[in-house]
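Thanks for making time this morning; I would like to walk you through one model and the spaces and contacts in it. Please have a look at the sequence and the structure as they come up.

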Amino acid sequence: MGVLNVTPDSFSDGGRWLDADRAVAHGLEMVAEGADVIDVGGESTRPGADPVPEAVELARVLPVVAALAPHTRVSIDTRKAAVAEAAVAAGATLVNDVSATLWPVAAAGRVGWVAMHMRGSPATMQRDPRYDDVVGEVCAFLAERVEVARAGGIDEVWVDPGIGFGKTAGHNLALLHSLRRVAELGAPVLVGTSRKSFLGALSGGAPADDRLEGSLATAVWAMTHGAAMVRVHDVAPAARAAQLIFEDVAA
Ligand code: HH2
């Protein structure tokens with residue numbers, strides 16, 4: 001899954017793809033590099049990010065979704081039902097939902113749904129997050145979401161432990177370490193570690209655009225520990241890494 005943030009303020013690529021034509025060109029470039037899904041988002045969910053009005057988010061994402069949908073699978077990364085609904089009407093076939101609440105939109109549109117775990121909201125989530133048992137609590141949350149969505153009639157339900165969403169570096173590492181337990185919930189697992197701040201913290205404070213090694217290492221770890229899809233900014237190296245560990249080894 002290639003990340004396409006049509007935002008001025010995303011933590012690693014904010015402002016680069018705000019122009020719709022440039023965003024579409026970058027989406028197509030990621031497809032050429034090996035992405036199977038392009039995840040279009042119009043609101044940053046980085047810690048402390050300000051919410052974006054619905055009309056602004058719609059204006060950012062809809063032209064990009066519509067232009068990419070004939071060429072690739074498109075997911076819509078949003079917390080707003082109206083944005084998800086409009087993006088599905090424009091051709092998105094997966095609702096990537098960091099709020100884990102939008103399953104009715106996916107059910108109505110007969111598309112897939114990603115339920116991600118988050119503690120609190122982006123504005124507050126990194127203020128001293130605490131868990132007694134982070135893996136157990138995240139798994140229990142996701143299991144409940146899967147049950148609700150399936151009962152609501154969605155065939156394609158994904159789960160995502162929400163790396164960096166209301167979690168310390170230790171929580172993120174615990175979730176990656178026990179990713180197989182997330183996979184045992186019986187839904188395909190999506191994992192997003194790409195360029196996230198815990199990778200900077202683990203590598204001496206590397207800035208967001210200098211976290212490729214950590215992004216790749218954790219993507220490979222995720223792919224070999226139960227993830228069916230990884231959400232990445234750097235598609236070409238991630239696709240090469242995936243090919244190296246799966247296809248070349250199998251051959
Ligand atoms: N991470 C981000 C956004 N959406 N969706 C899922 N399912 N899983 C994730 O881990 C995830 C996500 C945050 O990364 P990014 O889009 O690069 O930044 P921003 O939120 O600042 O736009």
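Let me begin with a question: which residues line the largest cavity? Before I answer, please keep in mind that what you see is a predicted model. The lining of the largest cavity is made up of Ser-194, Leu-212, Ser-215, Leu-216, Ala-219, Val-232, Asp-234 and Ala-238. Helix α9, which covers residues 212-224, supplies the largest share of that lining with 4 residues, and by class the lining divides into 5 nonpolar, 2 polar and 1 charged residues. The volume of this largest cavity comes to about 40 Å³, and the count of cavities of 30 Å³ or more is 1.

From the cavity I turn to the pockets. The largest pocket holds about 460 Å³ of space, and among the 31 residues that line this pocket, those closest to its centre are Phe-11, Thr-45, Ile-163, Phe-165 and Lys-196. Two elements, α6 (169-177) and α8 (197-202), are the ones that give two or more residues to the lining of the largest pocket. By class, the lining of the largest pocket has 9 nonpolar, 15 polar and 7 charged residues.

The second largest pocket has a volume of about 270 Å³, and its lining consists of 13 residues, with Met-1, Gly-34, Asp-36, Met-229 and Val-230 lying nearest the centre. Here the elements that give two or more residues to the lining are β8 (227-230) and α10 (235-250), and α10 gives the most, with 4 residues. When the lining of the second largest pocket is sorted by class, we find 11 nonpolar residues, 1 polar and 1 charged.

Now to the ligand, which residues come nearest to it? There are 18 residues around the ligand, and of these Ser-10, Ser-44, Asn-96, Asp-160 and Lys-196 come nearest. A backbone N or O atom of Phe-11 lies 3.0 Å from an oxygen atom of the ligand, and a backbone N or O atom of Arg-46 is 3.4 Å from an oxygen atom of the ligand. In the case of Asp-160 the side chain takes part, with one of its N or O atoms 2.7 Å from a nitrogen atom of the ligand.

I will finish with the aromatic rings. How many aromatic pairs does the structure hold? The number of aromatic pairs is 0.

Technical notes. Residues are numbered from 1 along each chain as its sequence is written. This is a predicted model: local features need pLDDT of at least 70, side-chain atom pairs count only at pLDDT 80 or more; totals for chains, interfaces and linings use all residues. Side-chain values use heavy atoms; hydrogens and water are left out. On a 1 Å grid over the protein atoms alone, a cavity is a set of points where a 1.4 Å probe fits but cannot get out, and a pocket is an open set with protein on both sides within 12 Å along at least five of seven lines; lining residues have an atom within 4 Å of a point. Grid points are joined across faces, edges and corners, and a volume is the space filled by probe spheres set on the points. Ala, Val, Leu, Ile, Met, Phe, Trp, Tyr, Cys and Pro count as nonpolar, Asp, Glu, Lys and Arg as charged, and the others, Gly among them, as polar. Rings of Phe, Tyr and Trp (its six-membered ring) pair if their centres lie within 6.5 Å; planes under 30 degrees apart count as stacked, over 60 as edge-to-face and the rest as tilted. A residue is near a molecule or strand if one of its heavy atoms lies within 4 Å of it. A polar contact is a pair of N or O atoms within 3.5 Å; within protein, one must be able to donate a hydrogen and the other to accept it, and residues adjacent in sequence count only if both atoms are side-chain atoms.
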